[in-house]
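Reader: I have a structure open and I'm new to this. Can we walk through it together?

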Amino acid sequence: MTISRFVSTYAHDVRDPLTAKLAPFGTTIFATMSALAVETGSINLGQGFPDTDGPSEVLDAAVDAIRSGQNQYPPGLGIPDLRRAVAEHQQRFWGIELDPDTEVLITAGATEALAGALLGTLEPGDEVVVFEPMYDSYQACIALAGARIVPVLLRPTPEGYRFDPDELRAAIGPRTRSILLNTPHNPTGKVFTAEEMHQIATLAIEHDLMVITDEVYEHLIFDGRQHLPMSTLPGMRERTLTISSGGKTFHTTGWKIGWISGPQPMVKAAMSAKQFLTYVNGAPFQPAMAVGLRLGDDYFESLIANLADSRDRLHAGLHGAGFTVYPSEATYFTTVDVTPLRADGDGMAFCLELPHRIGVVAVPNQVFYVEPAHGRNLVRFACCKRPEVIDAAVERLVTLAN
Ligand SMILES: *Cc1c(COP(=O)(O)O)cnc(C)c1O
């Protein structure tokens, strides 16, 4: 994460204003790669945002909300109707019962939910166990909280990414406060299996840990696999904070409406930090998101079918190009090993060259690791684009094989 596009213009007698806590993180790779996509006119399969609008009922509800004057600060917890819609959704899809008045909090996307949960529950010196690779904000938020990240490696195998249960057990120590879990998982496309979920839950109970779960891809699971929320496992409800958002599910990543649910003391802890981050956000988008969460099953089914089709098209291109392709069970993402196409296995160099070579942008996985060397040879492609865009990218990708 050190490929900053900014050159310091400070005179030598001015102290660098950047805090040491954030200095290691540089500019996010998404800013860098998306800028490169624009600069070179490339197809951007780097950043995971859809290129089509969400359901019209949801868009219309936001327009109506703006026109009917829902443009001032909403309540601190979020509007009551959206909190009810979140509780209904958790009951409808996962059988989780929640009190919308005390166990649900609306946030500025899952990103702020994560920040609130981590800043609200961690003391300086606490340790958080996280599977790597990981979504890039995890490491930065844990650092902002003054806590320490303890990574457990997910290793690519032909059957998908796996962790070693002994390594997970060994990562937990006297300072461990929580496990931060993301399933379905970005960037690997992994869905944690029921067995893995039970292993994690057993350790959390044994060591009295909190589990913070990022489930923003809860609806984007392929091939008949099932999402298993951590809070539904025996003994886990009282120690699990569940995070999700509408951006991925409803193709509204720019709206930044997310939510946290779980036991009241944990939601309250997250709220304590969240109220001083944004306080509130997205007044007209909150009622619109409630409409989205209440859409019929047909919406959620066609969402999966369309995305699975895009994944299959992308996979064909990645195989055709000659990469080692790892299975994608869920999410927008597929990861590949570039070594067959680049003997030195330098994924960062590969991604920086790719837009100039064939006009396609991907993201080097090394930025998702605490120890970048662990993901040096891996690269992530997103499939959340229109079929014709994926097909155009595939045409370009297969030329790499020549
Ligand atoms: C996109 C994403 C987020 C951020 O969600 P927002 O609602 O846009 O803030 C969080 N976690 C993961 C794993 C993601 O892929």
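Predicted model: local features only at pLDDT ≥ 70, side-chain atom pairs only at ≥ 80, totals over all residues.

Reader: Where is Asp208?

Author: Asp208 lies in the loop between α7 and β8 (210-214). Its phi is near 50°, a positive value in a residue other than glycine.

Reader: Which other residue has a positive phi although it is not a glycine?

Author: Asp223, with a phi of about 60°. Asp223 sits in the loop between β8 and β9. Asp223 counts as exposed because its relative accessibility is 53%.

Reader: What is Asp223 linked to?

Author: Asp223 belongs to a network of salt bridges.

Reader: How many salt bridges does the structure hold?

Author: The structure holds 24. Take Glu88 and Arg294, whose side chains meet in a salt bridge at 2.8 Å, N to O. That pair links distant parts of the chain, 206 residues apart. Glu88 is in helix α3 (residues 80-94), and Arg294 is in the loop between α9 (285-293) and α10 (297-321).

Reader: Are those two buried or partly exposed?

Author: Glu88 is partly exposed, because its relative accessibility is 38%. Arg294 is partly exposed too, at 35%.

Reader: Which residue forms a salt bridge with Lys190?

Author: Glu196 does, and the closest N and O atoms are 2.9 Å apart. Lys190 has 2% relative accessibility, so Lys190 counts as buried. Glu196 has 6%, so Glu196 counts as buried.

Reader: And Asp344, what does its side chain meet?

Author: The side chain of Arg342, in a salt bridge of 2.7 Å, N to O. Asp344 is partly exposed, with a relative accessible area of 40%. Arg342 is buried, with 19%.

Reader: New topic. Which residues surround the ligand?

Author: Gly109, Ala110, Thr111, Tyr135, Asn182, Asn186, Asp214, Val216, Tyr217, Ser245, Lys248 and Lys256.

Reader: How far is an oxygen atom of the ligand from the side chain N or O atoms of Thr111, Asn186 and Lys248?

Author: For Thr111 the distance is 2.6 Å. For Asn186 it is 2.9 Å. For Lys248 it is 3.0 Å.

Reader: How much of the ligand's accessible area does the protein cover?

Author: The protein covers 94% of the 380 Å² that the ligand has on its own.

Reader: Is Thr249 buried or exposed?

Author: Buried, because its relative accessibility is 2%.

Reader: Let's go to Leu22. Where is that?

Author: Leu22 is in the segment before α1 (29-40). Leu22 is partly exposed, because its relative accessibility is 29%. Not counting residues up to four places away in sequence, Leu22 touches Ala140 and Leu144.

Reader: How far is Leu22 from Leu45?

Author: Their C-alpha atoms are separated by 27 Å. Along the chain, Leu22 and Leu45 are 23 residues apart.

Reader: Now cysteines. How many disulfides are there?

Author: The count is 0.

Reader: Last one. Where are there cis peptide bonds?

Author: A cis peptide bond joins Glu132 and Pro133, with omega about 5°. Pro133 is in the loop between β3 (127-132) and α5 (136-144). Thr183 and Pro184 are also joined by a cis peptide bond, with omega about -10°. Pro184 is in the loop between β7 (176-182) and α7 (194-206).

Definitions and conventions: Residues numbered from 1 in each chain as written. Heavy atoms only, no water. Buried < 20%, exposed > 50% of the residue type's maximum accessible area, 1.4 Å probe, protein only. Helix = DSSP H or I, 4+ residues; strand = E, 2+ residues; numbered from the N terminus. Contact = heavy atoms within 4.5 Å. Disulfide = S-S within 2.5 Å. Near = heavy atom within 4 Å. Polar contact = N/O pair within 3.5 Å; in protein donor to acceptor, adjacent residues only side chain to side chain. Areas by Shrake-Rupley, 256 points an atom, 1.4 Å probe, with all protein chains shown as cover. Salt bridge = Lys/Arg side-chain N within 4 Å of Asp/Glu carboxyl O.
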